[in-house]
Amino acid sequence: MEDDGCCYRDALSIFLANRRLTIEVQRERELYRRLRARDVKTLLLGCGSSGKSTFMKQVRIIEEGGFTEEERKTFKPVICQNVITSTQMLIMGVQLYELQYESKKSEECAKMIMELEVMEVTEINATVLAAVKQLWRDSGIQACYKRRDELYLLDSTKYFMRRLDVISAPDYIPTEQDVLRSRSPTSGVIEYRLPIQNYDKKLCIVDVGGQRSERPKWVHCFENCVAFIFISAISEYNQLNERGQNRVSESLALFKVLLTCSAFRYTSVIVFLNKVDVFDEKIKKHHLSHYFPEYKGPKKDPESAKEFFAEKFQKCCHDARKSVYVRYTCATDTENMTAVFSTVRDFITKRMMLQFNVQ
């Protein structure tokens, strides 16, 4: 005859096991429900002029099909100001490097352009257009432009100078590429939300200003972040910031600090090594080892040089549980950014699901 006590214990064990399983299933369902219902927060970080704002513009283009005509019109003053800023920087470069203008006329044009208040410029009139074109043709300005790596010159300078007649037209409406190449520092925090397939809420990308004065605002955005994207303009490897520090070294130092933040302990890390189009062209003229002596790879080899920087960023992470996902980008190239953004979005979603044990 079976022991009644033994049967009771077996039945109780089965009951408790089933109860635990039921509770676990309910917990997983609730976790999955909360996960589906929450915004997936991703931060966009990096030094000033790294290309963060351009990336955000590309996200708009990729997700919404571009900017409306009315939106593009709002960029006209910014583009006109970019033209004047670049011209003034070249004029100051001529003086700094003790170069000579071709003619007295160029000197007079330079004086007139330097008297302009950049932030008051909303369009380029005929007088300003003639002066800028005269200066851009001048051999002294061109000699200065060849030394642009030594100046803090906008990457879009040549692009906009070639479009002066278009930009100065009364009915000028910026193109999508004009908008992408325009430059205005980000101030404050900008959020952009986009849908994630099979989820009720959205991927929230948070862009904060990269200038040093804006960085104290970052800490308020760090909480509840699933991933952060760090953008570094590796084309600046031979340029110095206003403090005389190599700009890529500054970027690496900032990245190291971010990795030590407790808020990012479980956060996925993505690095965009940006402006590779400029980098590929520049590396053939300015050897990387002159600025980073630890580089032992071949000269004039863009791929080896990019791998060098990828490794430097990856080695900043000393947490064995965390890896740094690196992609090479050209933020002004929509085709490139469409492919990159697609893989990054999938990466963030999968990491988020793994983090919360959701299959």
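This is a predicted model: local features need pLDDT of at least 70, side-chain atom pairs count only at pLDDT 80 or more; totals for chains, interfaces and linings use all residues.

**Exercise 1.** Work out how helices H11 and H13 are oriented relative to each other, and which residues meet where they pack.

*Solution.* 
- Start with the geometry: H11 covers residues 247–259 and H13 covers residues 302–314, and they pack at an angle of about 30° with their axes 10 Å apart.
- Angles under 35 degrees count as roughly parallel, so H11 and H13 are roughly parallel to each other.
- Next, look at the contact: H11 brings Val248, Ser251, Leu252 and Phe255, while H13 brings Phe309, Lys312 and Phe313.
- Sorted by class, that H11–H13 contact has 5 nonpolar, 1 polar and 1 charged residues.

**Exercise 2.** Decide whether serine 182 is buried or exposed, and find the polar partners of its side chain.

*Solution.* 
- Locate serine 182 in the loop between helix H10 (176–181) and strand S2 (189–195).
- Its relative accessibility is 5%, so serine 182 counts as buried.
- The side chain of serine 182 makes a polar contact with the lysine 57 side chain at 3.1 Å, and reaches the backbone oxygen of valine 179 at 2.7 Å.
- Leaving out residues up to four places away in sequence, serine 182 touches Lys57, Phe75, Val78, Ile79, Asn82 and Phe160.

**Exercise 3.** Find how many disulfides the whole structure has, then check cysteine 317.

*Solution.* 
- Searching the whole structure gives 0 disulfides.
- For cysteine 317, the nearest cysteine sulfur belongs to cysteine 316 and is 8.7 Å away; a disulfide needs the sulfur atoms within 2.5 Å.
- Cysteine 317 has 15% relative accessibility, so it counts as buried.
- Cysteine 47, at 7% relative accessibility, counts as buried too.

Conventions. Residues are numbered from 1 along each chain as its sequence is written. Side-chain values use heavy atoms; hydrogens and water are left out. Axes are lines fitted to C-alpha atoms, for helices over the stretch in contact, and angles run from 0 to 180 degrees between N-to-C directions. Helices (H or I, at least four residues) and strands (E, at least two) are DSSP runs, numbered from the N terminus. Angles under 35 degrees count as roughly parallel, over 145 as roughly antiparallel, 65 to 115 as roughly perpendicular and the rest as oblique. Contact means heavy atoms within 4.5 Å. Ala, Val, Leu, Ile, Met, Phe, Trp, Tyr, Cys and Pro count as nonpolar, Asp, Glu, Lys and Arg as charged, and the others, Gly among them, as polar. Buried means under 20% relative accessible area, exposed over 50%, partly exposed in between (1.4 Å probe, protein chains only). A polar contact is a pair of N or O atoms within 3.5 Å; within protein, one must be able to donate a hydrogen and the other to accept it, and residues adjacent in sequence count only if both atoms are side-chain atoms.
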